[in-house]
Amino acid sequence: MELSSKWLILELLLFSHGVADFVLQSNKMIENKVTRRRTTYISHFFIVWGLSVLFLYPFISWQAGGVLLGLAFTHLVIDWIGYHLTPPHKIDSNPLGFVLDQLSHLIFILLAWQWLCHFSHLSSFGFYSEIMTPDWIEKLTSVMVVGNVYLYVVFGGAIFIGKAMRSLPQEVRKYEITGMGRYIGILERTIILTFILYQAVTGIAFVLMAKSLTRYQELNNKSFAEYYLIGTLWSTALALIGGLFFYLCK
C-alpha cells in the first residue's frame, strides 16, 4: 500500500468515528445507554460500523470489512464499560471520563489502522483506482485533516465543554447556558479555528468582543462572569489546540 493511502485511511477512520460519536449520537441515545437499553447499543454499533465501511468503501475488502467490524465491536464494549463504571448522575458532568473514553477509542482506531496497513492488497479498486491518483489522494488527505480538526474541535469540543461546565460548583453552574448557547459556542470555535488556520489570529479578538457585548450587563454578576469566562477560555483553548495540531500535521 502506498504511504499516501495509509494516511488517508487513518483520516477516514477518525472522521467516521467523529461523525458517529459527536454528530449522530443524540442526547436521547446517551440517556438510553445510561439506562442500559440494548437496542440503543446495537443501533450505535451499526452506525459506527456502517460509517466506517461507507467512508472506506474505495479500499474495502472482506478482510478490511472484518477489521472494521471488530473495531465497531470494541467501540461498543468501550461504551458499555464507560457507562457501567460511571454513576448515572455523573454522566453529564464527567469531562475526564469523556476524554478517557475518546482516548480508548483512538487507541483501537490506531490498532485497526495498523492492521489494515498490513493488507498489501488494500488499495482502491475499479472506478476508484482510475480517479484516486497519488496527487488526488494527497489532496484528499489534506482535506480530511482539516475536516477532522473542525469535527473534533467544534462538535467534540461542544460535548467536552458541556460536561466540563456541568462539573463546576453549583454557585457557578446555576448559570448554565443551554439551547442557543451551545450553538453560539459551536460558531465561536468554528470562526476562531478558521482565523487560526488562515493565520489571521487578530480576528479572534473581534469574536470575543462581539460575544462579550451580548452579555455586557450580566457580567456585573461575579458568578456569571466566572462561568462565562471559563466557557470562553475552554472554547478558545480547544480551537487553539486544534489549530496547533493542524500545523504540526502539515
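This is a predicted model: local features need pLDDT of at least 70, side-chain atom pairs count only at pLDDT 80 or more; totals for chains, interfaces and linings use all residues.
Local features required a pLDDT of at least 70 and side-chain atom pairs a pLDDT of 80 or more, while totals for chains, interfaces and linings use all residues. Residues are numbered from 1 along each chain as its sequence is written, and side-chain values use heavy atoms, with hydrogens and water left out.

Helices are DSSP runs of H or I with at least four residues, numbered from the N terminus. Helix H10 (residues 203-213) packs with helix H11 (residues 222-249) at an angle of about 155 degrees, and their axes are 12 Å apart. Axes are lines fitted to C-alpha atoms over the stretch in contact, and angles run from 0 to 180 degrees between N-to-C directions. H10 and H11 are therefore roughly antiparallel to each other, a term used for angles over 145 degrees. Leu208, Lys211 and Ser212 in H10 meet Tyr228, Thr232 and Thr236 in H11, where contact means heavy atoms within 4.5 Å.

Asp79 lies in helix H4 (residues 62-85). Leaving aside neighbours within four places in sequence, Asp79 is in contact with Lys33, Tyr41, His44, Asp101 and His105. Between the side chains of Asp79 and His105 there is a polar contact of 3.1 Å, that is, a pair of N or O atoms within 3.5 Å, one able to donate a hydrogen and the other to accept it.

Not counting residues up to four places away in sequence, Asn148 touches Glu11, Leu14 and Phe15.

Definitions and conventions. Helices (H or I, at least four residues) and strands (E, at least two) are DSSP runs, numbered from the N terminus. Angles under 35 degrees count as roughly parallel, over 145 as roughly antiparallel, 65 to 115 as roughly perpendicular and the rest as oblique.
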